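User: I would like to go through this model one question at a time. Please end each answer on the item I ask for.

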Amino acid sequence: MTRIAAVHGVLPPYRYEQHEITDALAAMGMAPAGERGVLDRLSGTAGVRTRRLAMPLERYATLSGFGEANDMFIASALELGEQAVKGALADAGLQASDVDLVVSTSVTGIAAPSIEARLAGRLGLRPDVRRVPIFGLGCVAGAAGLARLHDFLAGRPDGVAVLLSVELCSLTVQRQDASTANLVAGSLFGDGAAAVVAVGPRHPAHRKQEPAASGPVVVSTRSHLYPDTERLLGWDIVDSGFRIVLGTDIPDLVRQRLGPDVRAFLADHDLKPQDIAAWICHPGGPKVLDAVRDALDLPARALDLTWRSLTEVGNLSSASVLHILRDTIDLARPLPGSYGLLLAMGPGFSTELVLLRW
């Protein structure tokens with residue numbers, strides 16, 4: 001089975017309190033006269049205390065448009081991505097030249113050549129490294145990317161694969177858009193990156209894990225795409241860039257559909273939700289997390305690390321679930337032999353499940 005050898009999370013240097021960001025959004029036109037109360041209410045109920053941003057807060061009001069914002073995305077993504085991959089490889093005790101596959105994902109900017117291609121020389125990746133850049137999976141891509149590493153390593157059991165997620169959500173902000181969806185996004189999303197190094201079962205690093213902080217193995221994965229839900233979550237591409245599509249029905253869908261899908265997946269491995277020791281869940285927002293807990297009838301503290309991540313850095317799109325995986329390995333330290341379930345949701349509407357065992 002695929003072994004997760006290391007997970008390394010990175011955050012940009014600019015840290016702000018939630019109220020500071022809210023004030024800046026209002027000043028940029030996201031709270032027209034007499035409507036500031038709506039922005040304040042959504043900001044106050046987002047479950048977020050602080051966030052990290054790719055640029056100084058005052059810089060966002062001066063962005064000339066989508067082109068300049070995307071240029072900033074590329075520059076920041078290269079910096080954070082390099083830190084994340086180098087950190088993960090160092091934590092795994094491996095070199096960039098050991099890497100056989102790089103999967104990179106982001107839904108907050110566009111780059112061609114892609115981010116991992118631009119980083120190849122800086123990192124020291126081999127010229128024959130396989131590359132799979134992904135765009136469009138959104139928040140589910142951290143879980144889906146990990147599943148794709150597992151797929152690759154099933155056919156390359158002596159191989160090394162890397163997943164890189166860089167999400168700079170702040171650079172997609174739509175100024176002077178006072179729609180509820182945009183206000184929610186402006187109150188919820190932050191910036192960050194993460195990298196995962198995984199090795200196949202025949203690689204020497206598969207057996208070199210320290211018991212005190214061992215990365216889990218991937219037992220199985222499952223994807224689920226729900227029909228007729230395309231307008232629940234995603235982007236509309238407009239002249240000013242990425243305009244968020246965010247349906248109010250997401251929590252209801254999660255309550256109705258997630259429980260049966262998770263239970264069926266676990267049952268295929270003779271497991272039930274109560275057999276899962278570590279729940280590694282993407283922080284989609286307070287209403288979504290409440291729906292996940294209801295759907296799976298989880299204990300009160302099962303999602304503590306997810307709530308903590310939401311509070312401290314906001315929703316980092318695809319990078320969030322990887323930060324929470326890192327925290328689970330480093331802080332929760334599940335007992336050997338115990339199971340974990342990593343799960344995320346994203347555009348489509350879709351879910352991705354990854355069954356882990358320590």
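User: Which residues does the UniProt annotation "domain: Chalcone/stilbene synthase C-terminal" cover?

Analyst: The model is a predicted one. According to UniProt, in an unreviewed entry, the annotation covers residues 220-357.

User: How far apart are the end C-alpha atoms of residues 68-197?

Analyst: UniProt, again in an unreviewed entry, lists residues 68-197 as "domain: Chalcone/stilbene synthase N-terminal". Over this stretch the chain is 45% helix and 20% strand. Its end C-alpha atoms are apart by 32 Å.

User: In what order do the nine strands of the open sheet lie?

Analyst: The pairing in this open sheet is mixed. Its edge strands, strand 5 (130-134) and strand 11 (276-281), each pair on one side only. On average, neighbouring strands are turned by 20° against each other, direction ignored. The nine strands follow the order 5-4-6-7-1-8-13-12-11.

User: At about what angle does helix 3 run to strand 1?

Analyst: Helix 3 (residues 66-92) lies across strand 1 (2-10), strand 6 (160-168) and strand 7 (191-199). Relative to strand 1, helix 3 runs at about 135°.

User: How many residues are in the hairpin that joins strand 9 to strand 10?

Analyst: Strand 9 (residues 233-238) and strand 10 (residues 241-246) run antiparallel and are joined by six bridges. Within this pair, isoleucine 237 stands opposite phenylalanine 242. The hairpin connects strand 9 to strand 10 through two residues.

User: Is helix 2 parallel or oblique to helix 6?

Analyst: Two packed helices are described by the angle between their axes and the distance between the axes. For helix 2 (residues 36-44) and helix 6 (residues 180-188), the angle is about 45° and the axes are 9 Å apart. Angles under 35 degrees would count as roughly parallel. The value for this pair therefore makes helix 2, relative to helix 6, oblique.

User: How many nonpolar, polar and charged residues make the contact of helix 2 with helix 6?

Analyst: The crossing of these two helices is right-handed. Helix 2 contributes Val38, Leu39, Leu42 and Ser43, which meet Thr180, Leu183, Val184 and Ser187 in helix 6. The residues of this contact divide into five nonpolar, three polar and no charged.

Notes
Residues numbered from 1 in each chain as written. Predicted model: local features only at pLDDT ≥ 70, side-chain atom pairs only at ≥ 80, totals over all residues. Heavy atoms only, no water. Axes fitted to C-alpha atoms, helices over the stretch in contact; angles between N-to-C directions. Helix = DSSP H or I, 4+ residues; strand = E, 2+ residues; numbered from the N terminus. Parallel < 35°, antiparallel > 145°, perpendicular 65-115°, else oblique. Left-handed = near helix turned anticlockwise from the far one by under 90°. Contact = heavy atoms within 4.5 Å. Nonpolar A, V, L, I, M, F, W, Y, C, P; charged D, E, K, R; others polar. UniProt positions renumbered as here; feature names shortened; annotations may be inferred. Pairing = 2+ DSSP bridges.
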